[in-house]
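This report describes a structure from its computed geometry and from one database record. Please keep the sequence and the coordinates at hand while reading.

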Amino acid sequence: MPNSNQPKTTSTTLNPTTNNKKLKQDILDEQYVRKSMSLSKIPSTRQESEELRFYKHRISRFRITHTKYIILLFFLGLLQFISICFFAKGFLLTRHVIDDVSNLETVLKPPTFDKAVVLIIDALRYDFVVPVEPKQCLYPWQNKFTALYNTDNSFLFKFMADPPTTTLQRLKGLTTGSLPTFIDAGSNFNGEIITEDNLIKQLYLNDKRVLFTGDDTWDALFNPYLLDKSQFFESLNVWDLQTVDRGVMDFFNEYLFQKQKNDEWDVLIGHMLGVDHVGHKHGPNHYEMSNKLQEMNDFVANRLIPSIDENTVLFIMGDHGMDHTGNHGGDSQDELESTLFIYSPNKIFSSSNNAHDNHRQTVTVDQIDLVPTFSHLLGLPIPFNNLGWPIKEVVDVEVANKQTLDQLYTYQNVSKVISNKDVLTKLTQYYKLNDGINYQKLFLKNCKEKWAKFDLVSVGIGIGILAVSLVLIIVITKLIPSIVVGQMCHEFVPSIFLMCIISIVSLNSIFQILQQPSFLDNWVWCTLFALVIGIVVGCCIPIFDRYNLKWMFVKFAEDLNDYWSRVGAVMITLHALCFTSNSFTIWEDRIVAFLLTTVGFLSLYEFTFAPKRASTNALLSASNPEQQTSRKEMEMTTTDINSADVQSNRLNTYNNKLANISHVDSKIHDNNNNDQITISKSDTLPLGKFARIIGAYHSLIIILATRLASTITVCREEQGLQCKPTFVNANNYSWWCLFLCFLLIWFLPNCIKGYYNVSSSYQAAAPIWIGQFLKSALFLNFVYWGIYWYENNVGPIPFDITVWKFTLSRIIVGLSIIALNIGWAMGPTCIKLDIKNTDLKSPQATILGYSNVYGSQFFLLVINFLICLFLFNKPLAQLSLFLMVNQLLSILEIFDLLKLKENLVGPVALGLVSYQNFFTTGHQATIPSIQWDMGFILTEKISFPFTHLGLIMNTFGPFILVSISIALLTLWKQPPGVLKPQTLLARIVSNCGMLLIYNTVLCLSSFAWVTHFRRHLMVWKIFCPRFMFACVCLIITQFVIIFITVGFASGRVIRQVNNIFWK
Amino acid sequence: MSSVQNTNSSNISATNASNAKKRKVKKSVTFSDYDTVITPVTNGSHNGRNKSTSSSIEKRPDGSHYPVVVRKSISTVPFHLIPLVYYYMKTYDIYTLFYLTIPTQVFYLLFQFRKNTIFAGKKILKPNWALVIVSLVFAVPLLSCVATIIFILAGAPLLSLSYLKQTFLLSLHCCLLSYPAIYSVFNCDFKVGIFKKYFVAIAFGCWLSCFVIPLDWDREWQNWPIPLVIGGYLGAFVGYAVGAYI
């Protein structure tokens, strides 16, 4: 309650101002409104002070309810989080690692070579090294790296990696000869030391000195086995194309080419990252790639190969390939095909199919085959867990086969991986026949199947908990009237707390004493499970105290009784059914856009034909006649006082000087407009003609924006020829894209301004936020991405500007996330007092932006996050975000016009917008499509909050934005004083709940179908990434809704507005 | 998809025809149920569509708002569409389908649909030959341009020019299917509200058929725009068959 303590002085100073001097427009800012408002509230009588006390009491009660709401939502979120934990534990596979180590006795033959040099060129795709006819040269990377193909005494193989094609997994596969399971893929950032038997360990155990240089993943994996002189370089900074490669070359120069230090090592390993980084940063078809390959070619042909002596064998290999965008991680052909090159000047290799034969034949080998081959050539035991088979072209076939077969047989006997009897008999048969190749093939095939074994109990629990949580959310946020939930909060919170404690204690003691239930691994899982029981029971007690099941079913059916709720439900169902088939999942981007367009067309139909609908909101609006009048009808004249409006009446009574204050809702706000348009008081349909035109216009905006945005896409590999990728670097860093981003600096603020002007809300804080903060942030953002454009198209900037780039990006992030949010928390209202008639008798004033005072303020918060998102998205994605803002605001306008603020369709439409924009900001539900490079916008190296912030903002930006703006469905165009603070908050929570319902249904559907398809050919490629995406999506939506939308923002806005208007 | 098709088609038809023909009855283009369907003053029967309108005709002496009713009759069922779809599913020949659809649709309009359209009470309008030809030769192609835009907005592929051509052919077919409704809109005072269900039915057929496109069955009939053509025909069949009842 600002200013209410100094009423007298204010009034005396104000009165002369209004009486004697002509009021100046420029002092009529927000502060002025506050003053005049509080002036009107001077507790002159006993009744007044009573009212003030009552107001204060109400607000303090509101605060308590608000806190309880947050706690309730938090528990529901926790429930879902636990369900995801259970499901992931059961579904994401792990392999049982056996720690046995092979010993030297298994080696049947002395080594062929004493020393070895291994050069790993990350992401060296097979077709990079195969020359083509110069005439057929289509891509810049062709015919650049031909040294491998043209060297005598060598072998060149197509080297097939096992998915997932991430460097860490490949290194594990390359050294252990085993198949990493999917769960490992997540730990690429923090690999742990391999305890499993592997090549490097074997070298170390057999007194070979291993010297390493390059990718620091090796440091994490093999550190104890490597010489101290080894040198490691930061691996994940993909924008650094040179450091690692230069480092490796210098290191090789020192230890290999200069001969003096040649005897300090037995095996020299280099791991270069340049090619991979060029791929991530520019894609394979960029000129940088040809430079890089040329550089590799020179190094290998002129330096490396000549320096290899007869006792040394040289391996040059890639660990995986890259797809057409330069990324990897999945299992498309391009990602799997890598290169293996083995060379030695020794005569042993002279029998190879040589370069001077007209064409080398393409021989394909598995990546794990390197392990027995390498072991054999260096006379080492084959690592215990190996599943590969020696490459017959390179080794002494008979001895090597025997040794490998023995190793495989021992491994099977120890690990008992295969338990199927038929397969066992077959294997034994092969072993007796000494048919090693078939033995290995069968063994490998069965291992692959075996390591896809799921813990179905955990999976079932996970699905069950999520289903229960869905029911709870539906009941609490949708079925039970939102006002009642507000009261029930006070019962929910203690009962949940109590039940959680009871169930944790009892279940843990049961678990400790009886070791039951047996499906729980340890006390952590036991506690989680107990929490679930506690939350569910704790929620059920207050619910069943008041309602019964029958009522719930009836209410559920009732809720789906109106047309628009059904539209929303159909959209949710259709989207959830996407996961029933791999084809629908593949094409989800198009399907989502199609569904959103359908919503747009339906609303267009609604506005064009205005069909009769039985509106469920009729009841609600009937009970709030004030809401109807002050709500929107555009034709309210400013000069006329709306006597029906209680708000202005009160102001009239208390404020004689500023006599007539009425609200402006008008888009066609024209002071000189003398046409007295009758106020349409009725809030029931049919809509007025003007409203219908406006609505149709907004529907068209949605349709157009969706269609335009859906032209931006990164195609999934499976989409094939039906999809042309447009989100490629060539477009992202093209002049037209940059130009459009330049235009955005004016377009975006002006578009938002347009939406604000509809309710005359572009006042006070809005011009500062939108016209200045947003505009300048967009300009900085443009400069930042302009630098990238320059580097991509023109060439490197002659002087070092790295520090400037970081400064820029940090300024933008600091501004948007910290400064602006703190500023926002102070309460920037977008209203203004407009005084027209300044003669003494009848001064008239208007509060501009009154009707949208909540919404206009809340949207400023959305802008804060929008600024941050812009920085973390590539230029084309920024265009998509621009369209998204328009979609969001248009949807808000439409559902305000249709009076569907409480309806399921609103959150569903917003949810569809978020999914559609996820896809059009250059993402797909696959691992390779994650834009890792966005993690390095704020820092050069991986550092905890910043890299992750970048990746999350980039990947889940649209979801964050929508989760915040979901509150606007309630707040947009919501004039103050119509609904009580509690009611408003309850409605916001209800809308948030509906968004959560949408995301939970999707998550549940993906859970169910990924379990159903767990043996499907495409499970790791299509269903599993989609399921993980659904999980993260749900968690992030939950997080943002609980802590930002409801926790931080909604309560604040409601309190601040009510402090001004004293409601 | 549905709504815009209707909107735009009605817009175009309105302007078109107002230029082309001036009729005695005062014309006003209306879209919404509220304007077109006259709710009887006497009783409050809901929605006031078919049943109530026929009873309320006499109560409007000013003559500006004549309700139009399509009679409930088995003869409005467009049986000819079924063999056409069958033929198309056998051959996928979108061009020949035109030669078969155009005469049968004209026939259907003249002898089935028109005869069941009751204008202003119990009056069945005589065939307006000029309008039959004008709407077929001008309105349908023009409307299909609009429909093409709608299809593209709804997500029709734009990968190459041949796709665009196919989309245009598809929208030509859709407009041909709605030809009886278009004619009736022209002929019956532009009461779009009465006839919009036929447009909606066709659009809904197309909308629903989209769901087979992404499936990876690699069948020939999954190619653009075959599912939509079939969906449109089936939608039209259902729409014209049950249109009078809803």
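## The sheet of chain A

In what order do the 8 strands of the open sheet in chain A lie? The order is E4-E3-E5-E1-E6-E7-E2-E8, with mixed pairing, where strands (E, at least two residues) and helices (H or I, at least four) are DSSP runs numbered from the N terminus, and two strands pair if DSSP finds at least two bridges between them. Strand E4 (231–233) and strand E8 (363–366) stand at the edges with a single partner strand each, so one side of each is left without a neighbour in the sheet. Neighbouring strands are turned by 20 degrees against each other on average, direction ignored.

## Basis of the model

This is a predicted model, in which local features need pLDDT of at least 70 and side-chain atom pairs count only at pLDDT 80 or more, while totals for chains, interfaces and linings use all residues. Residues are numbered from 1 along each chain as its sequence is written, and chains are lettered from A and ligands numbered from 1 in the order in which they are written.

## Helix H8 against the sheet

Helix H8 (residues 243–257) of chain A packs on the sheet, touching strands E1 (115–121), E3, E4 and E5 (267–272), with contact meaning C-beta atoms, placed from the backbone, within 7 Å. The direction of H8(A) makes about 160 degrees with that of E5(A), the axes being lines fitted to C-alpha atoms, for helices over the stretch in contact, and angles running from 0 to 180 degrees between N-to-C directions.

The buried residues of H8(A) are Val244(A), Asp245(A), Val248(A), Phe251(A), Phe252(A), Tyr255(A) and Leu256(A), a residue being buried if 20 or more other C-beta atoms lie within 10 Å of its own. Seen down the axis, they fall within an arc of 130 degrees, so they line one face of the helix; the arc is that of the directions from the helix axis to the C-beta atoms. Their cover includes E1, E3, E4, E5 and helix H9 (274–282) of chain A. After H8(A) comes Lys259(A), with a positive phi near 65 degrees.

## Chain A as a whole

Chain A has 37 helices and 11 strands, and 53% of its 1063 residues count as buried.

How values were computed: Buried ≥ 20, exposed ≤ 12 C-beta atoms within 10 Å, placed from the backbone. Contact = placed C-beta atoms within 7 Å.
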